[in-house]
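Q: Please take a close look at one part of this structure and walk me through the contact there. Then set that part in its surroundings.

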Amino acid sequence: MLSIPCPWCGPRDEPEFLFGGEPAVRPVPAADVTDAAWADYLYFRDNDKGPHAEIWCHAAGCGQWFVMRRDTATHAILSVRKPGEPA
Amino acid sequence: MRYSSLSLFRQGLSGHQGWPQAWRSPALKPTYDAVVIGGGGHGLAAAYYLAKVHGIKNVAVLERGWLGGGNTGRNTTIVRSNYFFPQSVALFDFALRQYEQLSEELNYNIMLSQRGILNIGHTEHQMELMARNVNAMLVNGIDVELLDAQQVRHELPLANFSADARYPILGGFTQRRGGVARHDAVAWGYARAADAFGIDIVQNCEVTDFRVEGGRLVGLETSLGPVSAGTFGLSASGHNGVLARKAGFRLPLTSYALQAMVSEPIKPVLDTVAMSWATGMYVSQSDKGELVFGAGLDLYPSYAQRGNLNVAQGVVAGMLEIFPAFRGLKMLRQWAGIVDVPWDYSPILGPSPVQNLHLNAGWGTGGFKATPAGGYFLAHAMATGEHHPISRPFDLSRFSTGAFIDEAAGAGISH
């Protein structure tokens, strides 16, 4: 089981957390966004093997979202930061 | 050599020392007409159908590890076609019909056992949803039956019918043509049949890069040297996304670990496949007597081929809730396979953004049952450059057109 260091609460067990996907920037303005670009934002993923940028939510804890870098091949947690903090 | 009771008898007389290799271990040649990336059941089936249906025999299958050592050897061996949407039924029932005659066709016993697959309903609402799904499946020509509690009790006498059950059993539905098949044998049977056509199955050969010229794939770099071909197929299950990135594009896939486990072997106690949506478990009994059961996904991306304990605990708890009699059993093994899950839980078949590279991706948590179909339609795309009518709805373009085939919501089934 992963022990995830929530930037607000410190290390907690994996079942308290929700994986929320890869960080992405929503393309704007909507009227100018092509179907292909919108699909790319909504559905297409890097899905990296190795270091991977992810957003997580401490759903059963403080409820806050945060950014985590995690190795998807080893499950090692590389870094966590609050949203808006420098990477 | 053709396998038969006579050849078994003859080999028995010489102590089974004379069996020839089922397939060769050839060196990788620099050029082929067609190259399939991924030597699981799907990739081997694609090679077989390239030769059998399209007459293309100068083919290589490249496998990073050993044949069927990925998800082909890690699934729970269930076959069925009880899907909700007509496009899915056409695809999965094609696979099941192939399975029904595959042992004869390949001269290799895949040990198909059509013992039925029974989904248990625990609430009035679930029973209403099952009635709706059964009606949809019947309209699509799939042989399913809605069962009441008495009928389920007849089929699953060990299930928990006590008055204080946390998950009371109100009924269910079954597809009697569903069941299990020997997963390794499917890969080995296709490998042997493909090899008999002269197809090169190259193991321990990892694809490291893609040579794309003018938007067209012309060759691959591999751990055993470069290889070029006229057409390529990508069939690497959990690693499809990783390979696509190397070819220069992304796919709408997330790779997760899907767990399964087996108990110690016991005398026969369960003669169908039992599945319970509410507890997220499915269980069957193998020919060796082990209970084979599985699981939902560990819900974050992983390539680690191992799942975590909290998910395994949830599955075991669910199974013991439905079958309290299994409480004393010891667990023998637990493992995970890496599955490439698309957003609508339907596969992604046909052309990729790179010319000459065709996709057999996104089978997610349910690829084993579709092995003959994945191979057949990948071979069709590679040989003709076009979709087969059955694979067309599963084109990658559905993610920008919105024409999803949303089996996750439609059938309410993980696999």
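A: Between domain 1 of chain B and domain 2 of chain B, the rule finds 17 residue pairs in polar contact, both residues at pLDDT 80 or more. The model is a predicted one. Three elements of chain B, β3 (78-79), α3 (86-106) and α7 (240-247), each supply at least two residues to the domain 1 side. Of that side, α3(B) gives the most, with six residues. By class, the domain 1 side divides into 15 nonpolar, 15 polar and six charged residues.

Salt bridges also cross this interface; the rule finds two. Elsewhere in the list of charged pairs, Arg177(B) and Asp93(B) meet through their side chains in a salt bridge, 3.1 Å from N to O.

Domain 1 of chain B covers 32-108 + 182-252 + 344-410, and domain 2 covers 117-179 + 255-342. Their C-alpha centres lie 27 Å apart. The contact takes 36 residues from domain 1 of chain B and 34 residues from domain 2 of chain B. Together the two domains bury about 2,700 Å² between them. Carbon and sulfur atoms carry 55% of that area. On the domain 1 side, Arg74(B), Asn82(B) and Phe84(B) lose the most area to domain 2, together 24% of what that side buries.

One residue of chain B deserves a stop. Leu50(B) sits in helix α2 (residues 41-54) of chain B. Leu50(B) counts as buried because its relative accessibility is 0%. Leaving aside neighbours within four places in sequence, its contacts include Ala34(B), Val36(B), Ile56(B) and Val59(B). Ala379(B), Met382(B) and Ala383(B) are also among them.

Next, the partner chain. Chain A and chain B bury about 2,300 Å² between them, and carbon and sulfur atoms give 51% of it. On the chain A side, Tyr43(A), Phe44(A) and Asn47(A) supply 29% of the area buried against chain B, more than any other three residues. The contact takes 26 residues from chain A and 26 residues from chain B.

The rule finds four salt bridges across the interface of the two chains. Asp46(A) forms a salt bridge with Arg250(B), with the closest N and O atoms 2.8 Å apart. Polar contacts between chain A and chain B number 17 residue pairs, both residues at pLDDT 80 or more. Elements giving two or more residues to the chain A side are α1 (35-42) and β4 (51-57) of chain A. The largest share, five residues, comes from α1(A).

Terms used. Residues are numbered from 1 along each chain as its sequence is written. Chains are lettered from A and ligands numbered from 1 in the order in which they are written. This is a predicted model: local features need pLDDT of at least 70, side-chain atom pairs count only at pLDDT 80 or more; totals for chains, interfaces and linings use all residues. Side-chain values use heavy atoms; hydrogens and water are left out. Contact means heavy atoms within 4.5 Å. Buried area is the accessible area (1.4 Å probe) that two parts lose on being put together, summed over both. A polar contact is a pair of N or O atoms within 3.5 Å; within protein, one must be able to donate a hydrogen and the other to accept it, and residues adjacent in sequence count only if both atoms are side-chain atoms. Helices (H or I, at least four residues) and strands (E, at least two) are DSSP runs, numbered from the N terminus. Buried means under 20% relative accessible area, exposed over 50%, partly exposed in between (1.4 Å probe, protein chains only). Domain bounds come from an automatic or database domain assignment. Ala, Val, Leu, Ile, Met, Phe, Trp, Tyr, Cys and Pro count as nonpolar, Asp, Glu, Lys and Arg as charged, and the others, Gly among them, as polar.
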